[in-house]
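Work through the exercises below with the structure in view. Try each task before reading its solution.

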Amino acid sequence: MVIFSTIKETKNFLLRLKKEGKTIGFVPTMGALHAGHISLLERAKNENDIVVASIFVNPLQFNDKKDLEKYPRTLAKDAEKLKLAHCDVLFAPTSTEMYPSPPPPKKGDSALTSGSPPSGLPEAGSVALEGAFDLDNLDKVMEGQHRPGHFQGVCVVVKRLFEIIEPDKAYFGEKDFQQLTIIRHMVKTLRMPVKIVPCPTLREADGLAMSSRNTLLGPDERKNAPLIYATLQKSKEEWKNGRMGLHELKKWVENQISSNPFLKLEYFEVADSETLQPVTDHRSPDVDCRAFIAVKAGAVRLIDNIPM
Ligand code: AMP
């Protein structure tokens, strides 16, 4: 595996391989790798000649400075894991490599086409980023509502990474289902020549969705966090048997989570899998729905979702 920190080296290296006709699979990550990330890499390895992973903790998608500061960073260990999984290229840039100060915008420049963040290293929610990508209200609900600017920051970094790597296929986890939907939308509207491949959520033996943030959980929080997935599963059962209306179901979930002293519910929604708009009642069985949940376990924010 080769490791690059600059865009130039990465582009040059990949250009040579592309000229040889090799296909490129890409797995963008923020590091602190776990088996969920590796499952994406293995899928990419099976479907492409060359696999590129990136590790970049993107400041633009953090709306909370503390969250950014405490995000786990384990680059040396991550590189070992990637090597073991037969990754070919690791791209691990610095923030200034990804976001050099851009020249002042010219009249008529649009962030929709340039994807440029403003100078310095602004956080998600900065005014300049708001509305940069038209995400058709996909970013107005759930994570978007609770983390202002988050998805604009995600789009800026993913677009930039796609322009650097120019992959044939890119792999995203259903664990972040709203992100996956938004990336698909961005790629479609900007007509980017990359196929987005969704990958299933990997879980710990007790059901907790694997996440880099799980390493930040205290012992009590970790012990109680599996209640999140258990509650999602139970809510699916209730949704299917129709004994509870949506309002009751939401109340029941709120009770389940918040009666646990280590967990606090941020939101629970049943939403249309395509538009991500929360449903207001039991729709016809033909509408494909998913349940989405965000829970605070102490200071750590955990998200999960399942098909309903
Ligand atoms: P992150 O490093 O958290 O930005 O995640 C990088 C990629 O891995 C994203 O596409 C995530 O959706 C995906 N991912 C994170 N956790 C899991 C998981 N438990 N199972 C499958 N994919 C995951």
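**Exercise 1: E166**

Task: State where E166 lies, and decide whether E166 is buried, partly exposed or exposed.

Solution. Step 1: E166 sits in the loop between α8 (150-165) and β5 (169-173). Helices (H or I, at least four residues) and strands (E, at least two) are DSSP runs, numbered from the N terminus. Step 2: buried means under 20% relative accessible area, exposed over 50%, and partly exposed in between (1.4 Å probe, protein chains only). Step 3: E166 is partly exposed because its relative accessibility is 48%. Step 4: although E166 is a residue other than glycine, its phi is positive, near 50°.

The model is predicted: local features need pLDDT of at least 70, side-chain atom pairs count only at pLDDT 80 or more, and totals for chains, interfaces and linings use all residues. Residues are numbered from 1 along each chain as its sequence is written, and side-chain values use heavy atoms, with hydrogens and water left out.

**Exercise 2: A32**

Task: Find the loop that holds A32, and say whether A32 is buried or exposed.

Solution. Step 1: the loop between β2 (24-29) and α2 (35-47) contains A32. Step 2: A32 has a relative accessibility of 11%, so A32 counts as buried. Step 3: A32 is not a glycine, yet its phi is positive, about 50°.

**Exercise 3: the whole chain**

Task: Describe the protein chain by its secondary structure, burial and contacts.

Solution. Step 1: the protein chain has 12 helices and 9 strands. Step 2: it has 308 residues, of which 52% count as buried. Step 3: among contacts with a separation of 6 or more, 71% join residues 24 or more positions apart. Step 4: the accessible surface is about 14900 Å², and carbon and sulfur atoms hold 52% of that surface. Accessible areas come from the Shrake-Rupley method with a 1.4 Å probe; for residues, only the protein chains shown count as cover.

Methods: Contact = heavy atoms within 4.5 Å.
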